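This briefing walks through selected local features of one protein chain. Please view the sequence and the structure together while reading.

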Amino acid sequence: FLYPIVEALQEMLKTNPPGNAPQLPFDEEQPAHDLGVDPAFWVALERIHSAAKAFDREMWAESRKDSNRVWDILSSAGEGSGISNSMAVARECRIEFFTELENRGEDAILRALDTLSAHMQWILVTGSEAALASGTGRIFNSLTGQSGGPYAMSSGSSLEAANSPAVKSLTYCLRVQFVHIQAALTPQSLSAFWTALSMRLYDILITRLLQNWYVSTGGAVVLARDVEALRSVSMLAGTKHGHWDVLRELLTLYMTPPDALKIMLVGPEGDPNSGKGLFGSAGREQSLVFMSRRVDYRYKTNQGQKKSVWVQQLLNELHVRDPTDSYVNIGMFTSSRK
């Protein structure tokens with residue numbers, strides 16, 4: 001009877017976020033958005049697991065004589081191959097029950113992970129870009145021919161806020177969600193789940209950054225704060241969060257003036273093969289692709305986008321080609337490649 005309950009829980013999760021963009025930032029005086037996974041889901045999952053263990057203990061009642069349960073009936077029937085076979089079959093059925101229940105539970109948990117991921121994208125990407133549909137976003141687009149994104153802000157923009165509205169809202173929701181997940185899962189399962197969530201969160205951010213967004217010097221300050229906030233919530237549990245550390249290094253590419261980028265990339269000797277600088281720690285291609293998201297990397301002309309003079313000079317001095325001159329496989333820079 002537990003199987004259909006777990007399946008029903010899984011089917012209750014709707015992976016598609018709302019069609020309308022979220023109104024950011026969320027009011028933290030109100031209950032946090034559940035990111036598509038109601039806290040009751042985690043409570044139900046934990047109670048199903050507890051009920052299964054209680055049912056098993058009661059049915060088997062191991063080492064309890066005169067209990068008239070499975071263990072008592074089979075062990076008191078005497079010795080012989082028939083009794084041994086019956087005990088073996090019973091134990092096999094016991095294992096099959098828990099294996100099947102665990103498999104269905106894992107499917108439900110993976111569905112929850114997919115649901116959370118879709119809602120993280122909804123807040124981080126859809127919410128951020130909806131706020132830029134007018135105002136500074138349109139101004140930037142008209143000047144550069146690029147769709148700027150939340151970190152392409154002009155130098156005169158206010159940097160007082162600790163984080164962008166999207167990241168502030170998302171980290172608030174994730175911290176609330178974490179409390180419910182922690183109460184429902186074993187430490188080992190929690191570690192695996194939160195590690196996977198950390199990787200997905202990272203991939204959502206860098207995929208949008210490398211494909212659609214640009215970063216100004218001022219925007220880099222906000223981006224660095226946002227990455228710290230996302231890294232902090234990602235490290236509530238789990239392991240293998242090194243992708244965030246590499247990203248923190250790469251963000252220096254947006255804060256460094258063009259004439260100092262060479263040292264940043266390859267070290268003071270200026271040798272691209274020295275294994276120093278970002279070429280050594282983050283990789284040559286990844287460093288160049290991230291650098292290409294600077295707002296001053298290209299500029300708009302009547303003939304289309306052109307690289308800035310400093311870009312051409314830097315690439316020539318390093319004797320490297322620009323990977324963004326051709327198709328860039330963003331999958332090469334995801335968290336699973338770190």
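Helix H14, residues 309–318, has Trp310, Val311, Leu314, Leu315 and Leu318 as its buried residues, where buried means under 20% relative accessible area, exposed over 50% and partly exposed in between, with a 1.4 Å probe and protein chains only. Seen down the axis of H14, these buried residues fall within an arc of 130°, so they line one face of the helix; the arc is that of the directions from the helix axis to the C-beta atoms. The model is predicted, so local features need pLDDT of at least 70 and side-chain atom pairs count only at pLDDT 80 or more, whereas totals for chains, interfaces and linings use all residues. Residues are numbered from 1 along each chain as its sequence is written, and side-chain values use heavy atoms, with hydrogens and water left out.

**Surroundings of H14**
- The buried residues of H14 pack against helix H11 (261–266), helix H12 (277–281), helix H13 (284–291) and S2, contact meaning heavy atoms within 4.5 Å.
- On the other side of H14, Val309 and Asn316 are exposed.

- Helices (H or I, at least four residues) and strands (E, at least two) are DSSP runs, numbered from the N terminus.
- A hairpin through two residues joins S1 to S2, and threonine 301 stands opposite glycine 304 in S2.

**Glutamine 211**
- Glutamine 211 lies in helix H7, residues 187–211, and is partly exposed, with a relative accessible area of 47%.
- Not counting residues up to four places away in sequence, glutamine 211 touches Arg293 and Ile330.

Note on methods: Two strands pair if DSSP finds at least two bridges between them.
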